[in-house]
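Dear colleague,

Please find the structure below, followed by a short account of how its two parts meet.

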Number of protein chains: 2
Amino acid sequence: MEFRKRPGGRSARVRDAVRQATLAELVERGYTGLTVDNVAERSGVHKTTVYRRWGSVEGLISDALELARDEPWPIPDTGSVESDLRGIVQLVRTGFDDPELGPVSSAFVAAAMQDPAAARALHDFFAARHEQSAEVVRRAIERGELPDVVDPNEVIRVAVAPVYYRLFVAHEPVSEDDADRAADAALAAARAGVL
Amino acid sequence: MEFRKRPGGRSARVRDAVRQATLAELVERGYTGLTVDNVAERSGVHKTTVYRRWGSVEGLISDALELARDEPWPIPDTGSVESDLRGIVQLVRTGFDDPELGPVSSAFVAAAMQDPAAARALHDFFAARHEQSAEVVRRAIERGELPDVVDPNEVIRVAVAPVYYRLFVAHEPVSEDDADRAADAALAAARAGVL
């Protein structure tokens, strides 16, 4: 897996190397198998540097999440709110299906359940994702497809929530139809003036 | 916290004692602090018995979940599907707010993210909860409040999903209004024929 590299000086390169190593270790071993020592060894950055700058597994995860927050997230723009919303929910579903991205994303969710710092980082990550994704709802309001009382971020939350619920709470599979239905349900609720 | 006691012979009493101890330990220490030794000590059941019958922390959690599945779940019956659905989603919300039930429920969700046996047990638990809760939707269909093409279990999933999403994924607070809105959104989608 190649995560986006960033420009910058030595400090940025070190940060990037440690982050790539954190993500790669998460893919291989999951959250419970993540150690600062393994990340240091894999990144080629000296162990004492990693301990000094990141402190712990939770610090590594928070930092990786902070960088992930700024990753490009390909918001669809199909001209119709129905297919835009379906597109967003399918992005979430296929992301978790991806053999490399999936374990990393799951590890972030697991880490946040056990550590307050990771929970804050994940909160910020999702706040940014909601804000970006809500653009499809704002455009729909501008086009007159949805009433302007609608809360765009809440439409996104309700649209994606059933996918996460199936994956991480009820432990049920998520089909393409399940994802479309979740998007359609949020849209129906928005049209009814509930969201 | 008093969890429901069950009738039965010595074996059932031992199972109950171990289960009570598991839940009490989860309240005090969470999933990451749960050990077979602590559960054995707290339950007064001999350590070798606990290891032989439950095997591991995951075995203890799966068994506690299996018993929780049969706990009474006070499905509302107000005569209106809107208030019944709101009632169910509020039950979920207040359950996680409860200082004793909340940590146990969160520990189950965390355990299932890290262990396949706990995930299967949680899956079965939620399948039973969906089935029980769907009664309010089936009654609404009988009363003619909802079209009979509606999938009752899916209405329940969509109604509760935003509460879990806020709690365990986005790490956002869940207000009473948030919970009502989630119920209303599922109902609007069901009325629109989407679910």
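Chain A is divided into domain 1 (10-69) and domain 2 (81-191), with bounds taken from an automatic or database domain assignment. This is a predicted model, in which local features need pLDDT of at least 70 and side-chain atom pairs count only at pLDDT 80 or more, while totals for chains, interfaces and linings use all residues. Residues are numbered from 1 along each chain as its sequence is written, chains are lettered from A and ligands numbered from 1 in the order in which they are written, and side-chain values use heavy atoms, with hydrogens and water left out.

The C-alpha centres of the two domains of chain A lie 27 Å apart. Their contact (heavy atoms within 4.5 Å) takes 11 residues from domain 1 and 18 residues from domain 2.

Between them, the domains bury about 1,300 Å², 79% of it on carbon and sulfur atoms; buried area is the accessible area (1.4 Å probe) that two parts lose on being put together, summed over both. Y31(A), L65(A) and R69(A) supply 48% of the area that domain 1 buries against domain 2, more than any other three residues.

Across this interface the rule finds zero salt bridges (a side-chain nitrogen of Lys or Arg within 4 Å of a carboxyl oxygen of Asp or Glu).

On the side of domain 1 that touches domain 2, the elements giving two or more residues are α1 (10-29) and α4 (57-69) of chain A, helices being DSSP runs (H or I, at least four residues) numbered from the N terminus. The largest share, seven residues, comes from α4(A).

With kind regards
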